[in-house]
Amino acid sequence: DLTILIQGRCEEEQLQLWIDNYSDCNVIVSTWIDYDFNLNFPNNWKILKSEYPNRFVDMQNIDLQLVSTLNALKRVTTPLVIKIRGDEYYSNIESIYNQIKMEQDKIHTAPIFFRAWQFAEYHISDHIIAGTKERVMLMFKESKKNFDTGEMNISKWKLEGKFHRWITTEAPEERITKSYLNSIDPFRYDI
């Protein structure tokens, strides 16, 4: 009932670790048309190579993440999904799986580059994003919609934990989180 979605720029060394340790799992590798691999992928894995978006607007590659993630999520047939970056490997997928099985009403993320609220509101980590397919799909659909329309792209710049001024954010983590929270409960979003 789980799909591991390996997304983005893929490194063969990390992919080989996934193959060695999770070859029996439902896995979708979602990357770009110019990536060629010298690997023997398991027959049950799906390899998607997307065209690059027509635009490249920021240094944080949010459009690339949104496009490759949504392309893969459309092909997920299981109720649960763990999205990870293609240039990383995690040996604790079972513990993430157990956590999302127990708490399916939440989005689960890793503590890697998870910035504290007093410094960067709404900043989750996008290295691992896990939950039900429905919730993760909602998160990325809303993020893509908001990215395309320019909504949710400002953040509070804080110095020493205190509000300084509003800035345009390029942080995908903030945009993704704000889009998700606003979509599930727009009346509580700013509280």
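**View 1. The fold from end to end.** Starting at the N terminus, the elements of the protein chain follow the order β-α-β-β-α-β-α-β-β-α-β-β-α. This is a predicted model, and its protein chain has five helices and eight strands. Of its 191 residues, 48% count as buried.

**View 2. A salt bridge between Asp36 and Lys49.** Here the two side chains meet with an N to O distance of 3.4 Å. Asp36 sits in the loop between strand S2 (26–32) and strand S3 (46–50), while Lys49 belongs to strand S3, so the pair ties together parts 13 residues apart in sequence. Asp36 is exposed at 64% relative accessibility, whereas Lys49 is partly exposed at 36%.

View 3. Take a look at Asp63 and Lys144 first: their salt bridge has its closest N and O atoms 3.3 Å apart. Asp63 lies in helix H2 and Lys144 in helix H4 (residues 133–149), so this contact links parts that are 81 residues apart in sequence. Both residues, Asp63 and Lys144, are buried. Lys144 also forms a salt bridge with Asp148, at 3.2 Å from N to O. Lys144 and Asp148 are four residues apart in helix H4, about one turn of the helix. Asp148 is partly exposed, with 42% relative accessibility.

**View 4. A salt-bridge network.** Shared partners join Arg9, Glu11, Arg85, Asp87 and Glu88 into one network. The salt bridges of the model number 10.

**View 5. A positive surface patch.** Lys46, Lys74, Arg75 and Lys141 form this patch. Arg75 is found in the loop between helix H2 (62–73) and strand S4 (80–85), and is partly exposed with a relative accessible area of 38%.

How values were computed:
Residues are numbered from 1 along each chain as its sequence is written. This is a predicted model: local features need pLDDT of at least 70, side-chain atom pairs count only at pLDDT 80 or more; totals for chains, interfaces and linings use all residues. Side-chain values use heavy atoms; hydrogens and water are left out. Patches are made of residues with over 30% relative accessible area and no salt bridge: like charges are joined within 9 Å, nonpolar side chains (Val, Leu, Ile, Met, Phe, Trp, Tyr) within 5 Å. Accessible areas come from the Shrake-Rupley method with a 1.4 Å probe; for residues, only the protein chains shown count as cover. A salt bridge is a side-chain nitrogen of Lys or Arg within 4 Å of a carboxyl oxygen of Asp or Glu. Lys and Arg count as positive and Asp and Glu as negative; His and the chain ends are not counted. The place of a charge is taken as NZ of Lys, CZ of Arg, CG of Asp or CD of Glu. Helices (H or I, at least four residues) and strands (E, at least two) are DSSP runs, numbered from the N terminus. Buried means under 20% relative accessible area, exposed over 50%, partly exposed in between (1.4 Å probe, protein chains only).
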